[in-house]
Amino acid sequence: MSSSFTVRSAAGYERLMGRWSRVLAPPFIAFAGIADGDRVLDVGCGTGSLTFSLPAAAEVAEVAAIDHSPVFVAEAQRRSTDSRITIAEGDACAIPFPDDRFDRALSLLVLHFVPKADDAVAEMRRVVRPGGIVAAAVWDHLGGLPAMRLMWDTVAVLDEEARQQRHRYCFQPMMRPGEMRRSFVAQGLAEVQETSLLIRMEYESFADYWEPIAAGEGPLGKYVTGLDPARRANTDDAVRAAYEAGEPDGPRSFAAVAWACRGVVPA
């Protein structure tokens, strides 16, 4: 599986997005549904935000987690202390499990980084038994993630390349309203529901916001670390000004909205 997400370190990812994935995991689980005894597949587990939230939500029988990144898999394995959880490298578009293996297949903040996202949905459906649930959530980069749009909109004023990258960022797979729902229906899922989930991203300071991006984590970080020194300095100053918005540096709170979709595997 190819991916458009840049991974430099597990610790950097945690500061960039892992901490917010953990906040989003409980409302996503509530929307997807979970029951005692379930066998659950976590597709694109990252460092384990959803993986480790599942046993806290119900007395699940099993959680199998896969991710394409060896960096993420190694960190999730290091953190795992529950014998019901297994974590391994795996491809969302070629899931290494047989048909009808799980009661639920869930994917949190992954499908928008999968170029062939429809194939991933089809694979999730394949490995879930009839009557089971497939569910996924992705950030609404265009209209629901102001903490990241703050950076992209700022640098897009400075740089034509940034304007092009902002377009790609805002219109990744599954991000348009109804897009996930259409994919779920096209892959044969029934009773498909789409909704949005809201959390807040709380930052202590500009450094708390900017340091993981400045270190090169994620799509935004990849852009920043590719700048020459003069453009980089201008970018740092401009994004700081946008974050502070005329007030002294300090805590900021940003709403964050994800699209979520679930469907039932028909008999």
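Me: Which residues do ring pairs link into a cluster?

Reply: Ring pairs link Trp-20, Tyr-203, Phe-206, Tyr-209, Trp-210, Tyr-243 and Phe-254, where rings of Phe, Tyr and Trp (its six-membered ring) pair if their centres lie within 6.5 Å, with planes under 30 degrees apart counted as stacked, over 60 as edge-to-face and the rest as tilted. This is a predicted model, in which local features need pLDDT of at least 70 and side-chain atom pairs count only at pLDDT 80 or more, while totals for chains, interfaces and linings use all residues. Residues are numbered from 1 along each chain as its sequence is written, and side-chain values use heavy atoms, with hydrogens and water left out.

Me: Why is the pair of Tyr-203 and Tyr-209 edge-to-face?

Reply: Their ring centres are 5.2 Å apart and the planes stand at 85°, so the pair falls in the edge-to-face class.

Me: And Tyr-209, buried or exposed?

Reply: Tyr-209 is buried, with a relative accessible area of 2%, given that buried means under 20%, exposed over 50% and partly exposed in between (1.4 Å probe, protein chains only). Phe-206 and Tyr-209 also form an aromatic pair, a tilted one with 6.3 Å centre to centre and 40° between the planes.

Me: Switching topic, where does the charged end of Arg-101 sit?

Reply: The charged end of Arg-101 sits over the ring of Phe-102, 4.8 Å from its centre; the criterion is NZ of Lys or CZ of Arg within 6 Å of the ring centre and within 35 degrees of the ring normal.
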